[in-house]
Amino acid sequence: MTVKIAHTAELQAFFEEAAGFSNDLGSTRLKTIVLRVLQDAARLIEDLDITDAEFWKAVDYLNRLGDRSEAGLLVAGLGIEHFLDLLQDAKDAQAGLSGGTPRTIEGPLYVAGAPLCEGTCRMDDGSEEGSATVMFLEGRVFDLHGEPLAGATVDLWHANTRGTYSFFDPSQSEFNLRRRIVTDAQGRYRARSIVPSGYGCDPRGPTQECLNLLGRHGQRPAHVHFFISAPGHRHLTTQINLAGDRYLWDDFAYATREGLVGEVTFREDGARGVAGRYAELNFDFRLQPATDAAAERRSARPRALQEA
Ligand code: MBD
Ligand code: FE
């Protein structure tokens, strides 16, 4: 027989006390959120007959997840970060905001403050020369009328040939494969970089441990992340996911969306001063107008090396 007590007045009063509602200090917003977490956790425990062993295993899991700084990875892998995009899309639809390049998740691996350059730059430090394929990534930033946006900031980051990111992979040089490019008078950005590989969760990490128990892999297709911003326009967080990757539509983080698939063309014509095979990836972005000043900026999510 299942015993249920979480709904009783006595328990509700107890959770309100635990959430700080019997004092007038602290944050009302946080109290409201914590009360809901306590109520929902209690219901989950009684509804699913969570055993003591299961409960304490979950507590231990959270400790291990934090020890490895994988909380941001787990929320991506469980599709919660994608859910936030779907929710924002639905809010936009209701508010009549539409058009432009689709948003998709930021993921947990952005680092603020990458080198700034005008119009064009090289993103890789040359350390994978010989093993990596050179990639010329370029495109333009437009508004919804098709007018090019000069002076837009294209803040982009991607993995190396092993699927790892500088800063989080301490073997890479500072800001390797991370740049901020200001678009030229034609709204154009150009980068010389290398073709990235897809990311895979650490097979011994707590996120993959959970995914294994869900019968799931922890792989992402090769991709490039972008923050695009321009005065008067709405900040865009998005990615290009590369066509032809076996994980393109089987992304453990659910970031691939229609309109965000990039076609890589491989050439071997000696043009662009590269000996041998190189890649080209062209991708344009379209920004919505900003409805207020806050819409021009990225969210205040905590990030690595946030600028002052
Ligand atoms: C990544 O590179 C990434 O983009 C996401 C969303 C999750 C883990 C690694
Ligand atoms: Fe990524």
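**Ground rules.** The model is predicted, so I kept to its limits: local features need pLDDT of at least 70, side-chain atom pairs count only at pLDDT 80 or more, and totals for chains, interfaces and linings use all residues. Residues are numbered from 1 along each chain as its sequence is written, chains are lettered from A and ligands numbered from 1 in the order written, and side-chain values use heavy atoms, without hydrogens and water.

**Cores.** I looked up the largest nonpolar core and found 29 residues. A nonpolar core here is a set of buried Ala, Val, Leu, Ile, Met, Phe, Trp, Tyr and Cys residues joined through side-chain atoms within 4.5 Å. Buried means under 20% relative accessible area, exposed over 50%, and partly exposed in between (1.4 Å probe, protein chains only). Leu-137 and Phe-226 have the most contacts inside this core. Strands that each supply at least two of its residues include E3 (134–143), E4 (153–158) and E7 (223–229). Helices (H or I, at least four residues) and strands (E, at least two) are DSSP runs, numbered from the N terminus. I also noted a second, separate core of 16 residues, with Leu-73, Ile-105, Trp-157 and Ala-253 among them.

I checked phi next. Most residues other than glycine have a negative phi. Phe-167 has a positive phi, near 80°. Phe-175 has one too, of about 60°. Phe-167 lies in the loop between E4 and strand E5 (178–182), and Phe-175 is also found between E4 and E5. Phe-167 is partly exposed, at 44% relative accessibility. Phe-175 is buried, at 14%.

**Helix pair.** I then turned to H1 (residues 9–18) and H2 (residues 28–47). Their axes come within 9 Å and cross at roughly 140°. Axes are lines fitted to C-alpha atoms, for helices over the stretch in contact, and angles run from 0 to 180 degrees between N-to-C directions. H1 and H2 are therefore oblique; that label covers what is left after under 35 degrees (roughly parallel), over 145 (roughly antiparallel) and 65 to 115 (roughly perpendicular). On the H1 side, the contact is made by Gln-12, Phe-15, Glu-16 and Ala-18. H2 brings Leu-35, Leu-38, Gln-39 and Ala-42. Contact means heavy atoms within 4.5 Å.

**Ala-76.** I placed Ala-76 in helix H4 (residues 71–77). Ala-76 is buried, with 3% relative accessible area. Gly-107 is 31 residues from Ala-76 in sequence, but 6.6 Å away in space, C-alpha to C-alpha. Beyond four places in sequence, the contacts of Ala-76 include Ile-105 and Ala-253.
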